[in-house]
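Keep the sequence and the model side by side as you read.

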Amino acid sequence: MMKGSHRGAPSGRRSSSSSSSGGGGAGLLWPLLAAYLWAAAAGHRPVVIVHGLFDSSGEFSTLKRFINESYPGTNVSVIDLYDRSASLQPLWKQVEGFKAAIYPIIQNAADGVNFICYSQGGLICRGILSTLSDHNVHSFISLSSPQAGQYGDTDYLRYLFPQFVKSNLFHLCYTAVGQRISICNYWNDPHHRDMYVNSSDYLALLNSERPNPNATEWKENFLKIKKLVLIGGPDDGVITPWQSSHFGFYDGNETVVEMQHQDIFLRDVFGLKTLAARGDLIFCSMAGVEHVRWHSNETVFHACIEKWLV
């Protein structure tokens, strides 16, 4: 687990001169004003937050508060699109919608922006970063996202598909109808690998696991990021296996194969190996955090997120 200390933004210096009689209230305003002037001068990069499955923008107020406590004055945009049941829309559709909403923020940020993308949102952000040639994303923070796919009997699965378990969901997901449902776009059944590769309209293309004429361009676009921060942990309870948040995944025996032994890393198909060689691939693992708590856990913020928002 990465250790992190709280690195809050420096506060403005108090004036050494004494305030005039009766001016105590006004005197207290000077440190606050100085802090905000400092933040404006520092020009913190805007932060864009993309939510996950069944979420909405309103659930990220705590994370927004953490950011502004550490970096006062930071412009934090929680994109309010594809909320709740609409998050089941196909991921390429969501990529285009989020991209249109985020692009003006990128255009107006001369020094770049930072992405925090939670759960399914981490895969949406990968789609944006791969297909947007002129993005200026500095840190891409993937917060408990099934980056290598999902394969598990979770509460989400039982709610969405009560007649299915993980072993037979491929009957639905690897069809044209199934690929219209977001979770099927990254359903990765290790026992039906060929069907996944040939049927997945989203993750298999992002990973270049089948021939993709855009692979070179998408890799170049993705590698414009300066840092990729992968956050997850063993008590998540939703991302299955949890190592998918670090690009690890099951083999045919449901044994987890870590990222550095995965084909997508060894062949560097979209840039993971390049990022690692650059020193720009960061892992943060934390036990004891349930899936729905990652974005409101203060320890996670200080240990895994805070330092990458500079």
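Which residues have the most contacts inside the largest nonpolar core? They are Ile 102, Phe 115, Phe 140, Phe 161, Leu 228 and Leu 272, in a core of 66 residues. A nonpolar core here is a set of buried Ala, Val, Leu, Ile, Met, Phe, Trp, Tyr and Cys residues joined through side-chain atoms within 4.5 Å. Buried means under 20% relative accessible area, exposed means over 50%, and partly exposed lies in between (1.4 Å probe, protein chains only). Helix 3 (residues 91-107) gives this core its largest share, six residues. Helices (H or I, at least four residues) and strands (E, at least two) are DSSP runs, numbered from the N terminus.

The model is predicted: local features need pLDDT of at least 70, side-chain atom pairs count only at pLDDT 80 or more, and totals for chains, interfaces and linings use all residues. Residues are numbered from 1 along each chain as its sequence is written, and side-chain values use heavy atoms, with hydrogens and water left out.

Look now at Leu 272. Leaving aside neighbours within four places in sequence, Leu 272 is in contact (heavy atoms within 4.5 Å) with Leu 228, Phe 247, Met 259, Ile 264, Phe 265 and Leu 281.

Leu 63 leads on to helix 2 (residues 61-70). Leu 63, Phe 66, Ile 67 and Ser 70 are buried in this helix. They cover an arc of only 95° around the axis, which puts them on the same side of helix 2. The arc is taken from the directions from the helix axis to the C-beta atoms. An α-helix has 3.6 residues a turn, so residues three or four places apart point the same way. Among the elements covering the buried residues of helix 2 are strand 1 (47-50), strand 2 (76-78), strand 3 (113-118) and helix 12 (298-305).

Next, a helix pair. The axes of helix 4 (residues 120-131) and helix 9 (residues 215-222) come within 6 Å and cross at roughly 105°. Axes are lines fitted to C-alpha atoms, for helices over the stretch in contact, with angles from 0 to 180 degrees between N-to-C directions. Helix 4 and helix 9 are therefore roughly perpendicular to each other (65 to 115 degrees). Arg 126, Leu 129, Ser 130 and Thr 131 of helix 4 meet Glu 217, Trp 218, Asn 221 and Phe 222 of helix 9.

Finally, the loops. Arg 45 sits between helix 1 (24-42) and strand 1. Is Arg 45 buried or exposed? Arg 45 is buried, with a relative accessible area of 14%. Its C-alpha atom is separated by 6.9 Å from that of Thr 74, 29 residues apart along the chain. Asn 185, in the loop between helix 6 (170-173) and helix 7 (193-199), is buried too, at 2% relative accessible area.

Arg 84 lies in the loop between strand 2 and helix 3. Arg 84 is not a glycine, yet has a positive phi of about 50°. This residue, Arg 84, is partly exposed, at 43%. Glu 254 also has a positive phi, near 60°, and lies in the loop between strand 6 and strand 7 (256-257). The peptide bond from Thr 240 to Pro 241 is cis, with omega near -10°. Pro 241 belongs to the loop between strand 5 (227-232) and strand 6 (249-250).

Definitions and conventions:
Angles under 35 degrees count as roughly parallel, over 145 as roughly antiparallel, 65 to 115 as roughly perpendicular and the rest as oblique.
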